[in-house]
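Please look through the model below with the sequence at hand.

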Amino acid sequence: MSCCSKARKQQSIYLSAVNIFLFITAFLGNSPILAALHKESSLHPPSKLLYRCLATTDLLVGLVSQPLTATYWMSLVHRQWNLSRYVSKVVVIASYTLCVVSLLTMTAISVDRLIALLLRLRYKTFCTDLQ
């Protein structure tokens, strides 16, 4: 085994480990947030929905994208070229889709907060009319 292929193998193993760590972190971080949002009743329903969407999207990144990325790196280590080719396509589609949804949700939360600041006491009436 040459020096370069050995280094690439170690790098792939390292990247797999990082993705597994991020999977665990995303799961342990977003699950309690979803549970807290389920129990919390003082938040305005539209805002609560946006926060739930963001936590769900981030949880899906951890449950879908991170394990698939780890699978991709490990398929390279074990020279499973067909698997790596298919998994890489799924990783790109899932990661980009979840990233776009997450960014759009953060934008919606920012707009919601801006409206709340601008309208102050009229915010609840304004957002209730939109439902």
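Helices here are DSSP runs of H or I with at least four residues, numbered from the N terminus. By that count Ser 12 belongs to helix α1. The model is a predicted one, and what follows is computed from it.

Is Ser 12 buried or exposed? Its relative accessible area is 8%, and buried means under 20%, so Ser 12 counts as buried. Which residues does Ser 12 touch, once its neighbours within four places in sequence are left aside? The contacts of Ser 12 are with Trp 73, Leu 76 and Val 77.

Helix α1 also holds Leu 28. Because its relative accessible area is 56%, and exposed means over 50%, Leu 28 is classed as exposed. Leu 28 is also one of the residues in a nonpolar surface patch, together with Ile 20, Ile 24, Phe 27, Leu 60, Leu 63 and Val 64. The accessible area of these residues together is about 570 Å². Two elements, α1 (3–39) and α2 (45–77), each give two or more residues to the nonpolar patch. The largest share comes from α1, with 4 residues.

The last stop is helix α3, which spans residues 81–119 and includes Asn 82. Asn 82 has a relative accessibility of 51%, and therefore counts as exposed. The side chain of Asn 82 makes a polar contact of 3.1 Å with the side chain of Arg 85.

Definitions and conventions
Residues numbered from 1 in each chain as written. Predicted model: local features only at pLDDT ≥ 70, side-chain atom pairs only at ≥ 80, totals over all residues. Heavy atoms only, no water. Buried < 20%, exposed > 50% of the residue type's maximum accessible area, 1.4 Å probe, protein only. Polar contact = N/O pair within 3.5 Å; in protein donor to acceptor, adjacent residues only side chain to side chain. Patch = residues over 30% accessible without salt bridge, like charges linked within 9 Å, V, L, I, M, F, W, Y side chains within 5 Å. Areas by Shrake-Rupley, 256 points an atom, 1.4 Å probe, with all protein chains shown as cover. Salt bridge = Lys/Arg side-chain N within 4 Å of Asp/Glu carboxyl O. Contact = heavy atoms within 4.5 Å.
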